[in-house]
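Hello,

Here is the structure I promised to pass on to you. Have a look at it first, and then read my notes below.

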Amino acid sequence: MKKFWIYLLIAMSSAAVASASVRRAIPFNDGWKFHKVTTPAEVSEVTLPHCYNADDGTSADYYRGEAVYAKTFDAPAMEKGDRVFIRFEAVGFQAKVEVNGVELGHHKGGFTAFCYELTELLRTKGNSITVTVDNRKDMTIAPINADFTMFGGIYRPVSLLVLPKGHITPVDYASPGVYFEQLEADATQARAAVKVLVDGFDDKELGRLSLYSELRDGEGTVVARTSTNAVMRHNGFNALADTITVANPELWNGRSNPALYTLATYIIKGEVIVDKVEQTVGFRTVEVDHDKGFILNGKSHNLRGVNRHQDRPGKGWAISEADHREDMELIKEIGANGIRLAHYPHAEYFYDLCDREGMLVWAEIPFVDNAPDNEEFAATTKSQLIELIRQNYNHPSIFCWSLFNELGGPAATKIVTELNDIAHREDPHRYTTAASNDDNSPLNAIPDIMAYNTYPGWYWADPATMQYAIDWKYRPDKQPLGISEYGAGASIHHHGILSEHPDTGGDYHPEEWQATVHEINYREISKRNFVWGTFVWNMFDFASAGRTEGDTYGMNDKGLVTYDRATPKDAFYFYKANWNAEPMVHIAGKRFTPRGAEARQVKVYTNCDGIYLIHNGVRYYPDGNPQAHVYTWDNLPWAEGENRITAHGVSDGKIIYDNCIIIYNK
Ligand code: GCB
């Protein structure tokens, strides 16, 4: 009877639900004063997110040091008994947080959220908060070294959380406090365990608590509801735990149909709702098989992805939601269906976008290159993994947790073994993986599924050697094989036709060679469906302060798109022709003008039919059959000076074309 009453209350009176919900998240981003410790007199007023390497992140001597953020604030409006927490979404790389002169905590790890309670320290007016941030190399924090700039700052948002005395906890490694654990999912039924971690209730109150959970589909229709009084222990907290079942669920099915549900969980004491948390969730199954590759919801699903770093020029890591969306749109434009979020946890907003867009996500911790042998390093690396998993547990897009990237060092085997156990304990339903570049490393045997970073055509051999890399060099006997990185550097200002790769550490990185590497690498990859996933290195150029090569020092230029996201390179269109369904035609090498001598080939990437070129008014059909959507013309009668070229294709009866003018000098 009581159960029925609760159902009725919630189902019938959304107003009652809203007014009873007292949890508040207050943005805490304005009015900070900032200075670097080396220049204490240079205080500026900043709004978070803020990155103190926004302008120097590509210089060899970018600022790696301490900086202080301070602000004064009044206590938020509170009711008697309310409790206040502060949640940072990420600070690069460690942060000491003090309120009214008392240290609240010191967080190590540059990419994950952390949350502290400050109730006891709060005065009604005139509180002070100081956050001392440090992005120096520190032998207790991963990564010790890596091929990217270690940007400093409070570079993701901060909020104050005002919660009632008894609440869903925000301090379980800054997780949402709600775990949605899919137990089964197919077209006829889906079932998930729901665990909601509570805090601040005494034993008597705990006995009067109930959890009401409801699941709404994309239209907002409630498709399942359940309630319970069962209390268990989870992650060291009391948790109300239930199971929710949906008949005929719509499965989250990657790009083609990323169906999502909203899980609303209410903690009810007696007959009053005391706290509520909503999470976006989805049902799907992922299997990765040594021979069959990637299987989503029981069907083979070629996982064709890109890697992404999070930095941008003039912003460093303090990027906006609009920046995230722009990245996602570019990734969608080429038709990729997965993203390796390298080499660290990315913004919560971006994982949400991946859920919504149906991108399959490889999530990883920043355990790169080096595993020093000290206990604190092991402890902080483990906490970075626990944070990654607990904070992102409910995202249907994430299918694996990656433990390391190209790792060595004295303590590597021990830590990776422990990380693998932690990931399985925290989440028995997702695979562990890692990205290795050493086929002889004993670490490779530890994760469930393996992947390799390999650069045939760039750091070694010629591009067709990808075939040997996959079949002979890397393929494990039992574990499934993925390609976590492949690619080549390119500047949009360097052009030329090469028969072998340029000096990769040199100053000349022609765009045409990058395209050739991708064409040939990918041709080999796409013949092998047993490869469970492939990830282009990289979707975007990114800052790597130590690099001196290409036309911009301090950068890694292997992006398919330039650092400012303004210019897609030719290789971008190669993938677009292969992966995306929208009709497109792209003439490669348009920027290769003027050109001369042997640079006589014209190449077109297209997914259309009936391809031909009009060259200076004359029609030419391509030489031979296309390879992986690449058409070529090797014998055009180039005119001295201007050559007008239009490439035509047909799709659904419509003509699609691209054109350019190339200056040719014999
Ligand atoms: C790798 C690393 C990555 C580098 C990349 C490169 O294997 O995992 O962090 O940026 O190679 O471009 O050299």
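P49 sits in the loop between strand 3 (44-46) and strand 4 (66-73). In this predicted model, a cis peptide bond joins L48 to P49, with omega at about -5°. A cis bond also links W537 and N538, where omega is about 10°. You will find N538 in the loop between strand 33 (533-536) and strand 34 (542-543).

A174 has a positive phi, near 60°, and lies in the loop between strand 11 (167-168) and strand 12 (178-185). H629 has a positive phi too, near 65°, and its place is in the loop between strand 41 (623-627) and strand 42 (630-633). Most residues other than glycine have a negative phi. Is A174 buried or exposed? A174 counts as buried because its relative accessibility is 2%, under the 20% cut-off. H629, by contrast, is partly exposed, with a relative accessible area of 31%.

Now to the ligand. Of the 13 residues around it, D147, H343, E406, Y459 and K558 come nearest. By class, this shell has four nonpolar, four polar and five charged residues. Which side chains place a polar atom by a ligand oxygen? For Y459 the distance is 2.5 Å, for E485 it is 2.7 Å, and for N405 an N or O atom of the side chain is 2.8 Å away. Taken alone, the ligand exposes 320 Å², and the protein buries 94% of that.

Leaving aside residues up to four places away in sequence, N405 touches several others, including R340, H343, F367 and E485.

Last, the nonpolar cores. The largest has 77 residues, and those touching the most other members are I331, I334, F367, L385, M539, L560 and Y575. Helix 10 (residues 570-579) gives the largest share of this core, seven residues. L385 touches I365, L403, L419, I422 and A423, again not counting residues up to four places away in sequence. There is also a second, separate core of 28 residues, with F34, F88, I129 and I154 among them.

Best wishes

Terms used
Residues are numbered from 1 along each chain as its sequence is written. This is a predicted model: local features need pLDDT of at least 70, side-chain atom pairs count only at pLDDT 80 or more; totals for chains, interfaces and linings use all residues. Side-chain values use heavy atoms; hydrogens and water are left out. A residue is near a molecule or strand if one of its heavy atoms lies within 4 Å of it. A polar contact is a pair of N or O atoms within 3.5 Å; within protein, one must be able to donate a hydrogen and the other to accept it, and residues adjacent in sequence count only if both atoms are side-chain atoms. Accessible areas come from the Shrake-Rupley method with a 1.4 Å probe; for residues, only the protein chains shown count as cover. Ala, Val, Leu, Ile, Met, Phe, Trp, Tyr, Cys and Pro count as nonpolar, Asp, Glu, Lys and Arg as charged, and the others, Gly among them, as polar. A nonpolar core is a set of buried Ala, Val, Leu, Ile, Met, Phe, Trp, Tyr and Cys residues joined through side-chain atoms within 4.5 Å. Buried means under 20% relative accessible area, exposed over 50%, partly exposed in between (1.4 Å probe, protein chains only). Helices (H or I, at least four residues) and strands (E, at least two) are DSSP runs, numbered from the N terminus. Contact means heavy atoms within 4.5 Å.
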